[in-house]
Amino acid sequence: MDDSLNVLNEQEETSETNTKVFEFQPGATPKRTYRYCKLIDLEEYDSNNSSGGQN
Amino acid sequence: MIPIIPAEDKISQGDIFHDISIIENVEVKKDQIKITDLALPLAICLNQECDLSRDFENKNRNSNKNTSLLHFLILPIFNFDLFKDGIHWGNVFDVGDKKGSKDRDVIKRNSDPRYHYLEFKDKSILPDCVIDFKHFYTVSNDTLNKAKENRIGRIPPLFREAISQRFAYYISRIGLPV
């Protein structure tokens with residue numbers, strides 16, 4: 001009984017989604033930022049992270 | 001005046017997002033990757049609605065048909081108050097031209113093909129804004145779908161088609177030699 005009630009409730013959901021409360025910032029402008037990542041050797045990564053096999 | 005209506009579950013043409021970050025550039029040097037991000041305070045999705053609907057259907061059916069979209073098209077939206085003073089790009093670009101009253105009037109009438117003026121009905125949500133059709137980006141399907149809760153709302157039909165149509169006209173303009 002409880003399960004069917006849950007199904008009914010899901011069907012009654014509207015297609016509109018709630019959006020977060022938004023406060024417009026008048027002075028906001030696009031901003032450029034930078035991120036740096038290190039390239040790693042894939043073979044080295046795989047060998048360091050592979051699970052142990054049968055000995 | 002343009003109303004802002006609630007967003008739907010699927011991403012629609014005319015959805016307005018806040019705080020969307022796109023990857024401007026990726027540079028690989030030796031063992032280091034430098035990623036340049038561009039954070040946009042406001043952006044509008046301008047894919048064709050039928051394409052967005054089909055992508056959404058495919059997603060719901062777990063289908064990988066080629067009618068799915070890998071990327072969405074977004075354009076930044078600028079506060080008109082900053083735009084008219086040429087400072088709407090912050091430190092991304094040098095200060096642009098100030099718009100005199102005649103230029104502002106032309107833009108507000110949507111008589112300048114490069115810009116689309118957005119006079120919103122509810123100024124408590126968004127003030128008057130402008131889209132510059134010269135600048136458009138794509139963002140991955142995954143990224144924009146994860147940012148659905150960043151939607152302020154959407155521009156309704158007819159108003160959004162007007163933007164889309166003017167954008168298409170602008171990017172298909174032909175500059176003939178003098």
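Predicted model: local features only at pLDDT ≥ 70, side-chain atom pairs only at ≥ 80, totals over all residues.
Me: Which residue in strand 2 of chain B is the bridge partner of A:K38?
Reply: A:K38 has its partner across the chain boundary, in strand 2 of chain B. That partner is B:Q32.

Me: How many residues of chain B are in contact with chain A?
Reply: Chain A brings 21 residues to the contact. By class, these are 9 nonpolar, 6 polar and 6 charged. On the side of chain B, the count is 34.

Me: Which residue of strand 7 of chain B stands opposite B:I16?
Reply: Strand 1 of chain B pairs with strand 2 of chain B over 12 bridges, in the antiparallel sense. There, B:I16 stands opposite B:I44. Strand 1 also pairs with strand 7 of chain B, antiparallel, over 3 bridges. In strand 7, the residue opposite B:I16 is B:G153.

Me: Which residue takes a positive phi in the hairpin of strand 1 and strand 2 of chain B?
Reply: The hairpin has 2 residues between its strands. The phi in question is near 55°. The residue is B:K30.

Me: What is the radius of gyration of chain B?
Reply: Chain B holds 5 helices and 7 strands. For its 178 residues, the globule rule gives 16 Å. The computed value is close to that, so chain B is as compact as a globular protein of that length. Its radius of gyration is 17 Å.

Methods: Residues numbered from 1 in each chain as written. Chains lettered and ligands numbered in written order. Contact = placed C-beta atoms within 7 Å. Nonpolar A, V, L, I, M, F, W, Y, C, P; charged D, E, K, R; others polar. Pairing = 2+ DSSP bridges. Helix = DSSP H or I, 4+ residues; strand = E, 2+ residues; numbered from the N terminus. Rg over C-alpha atoms; globule rule 2.2 N^0.38 Å.
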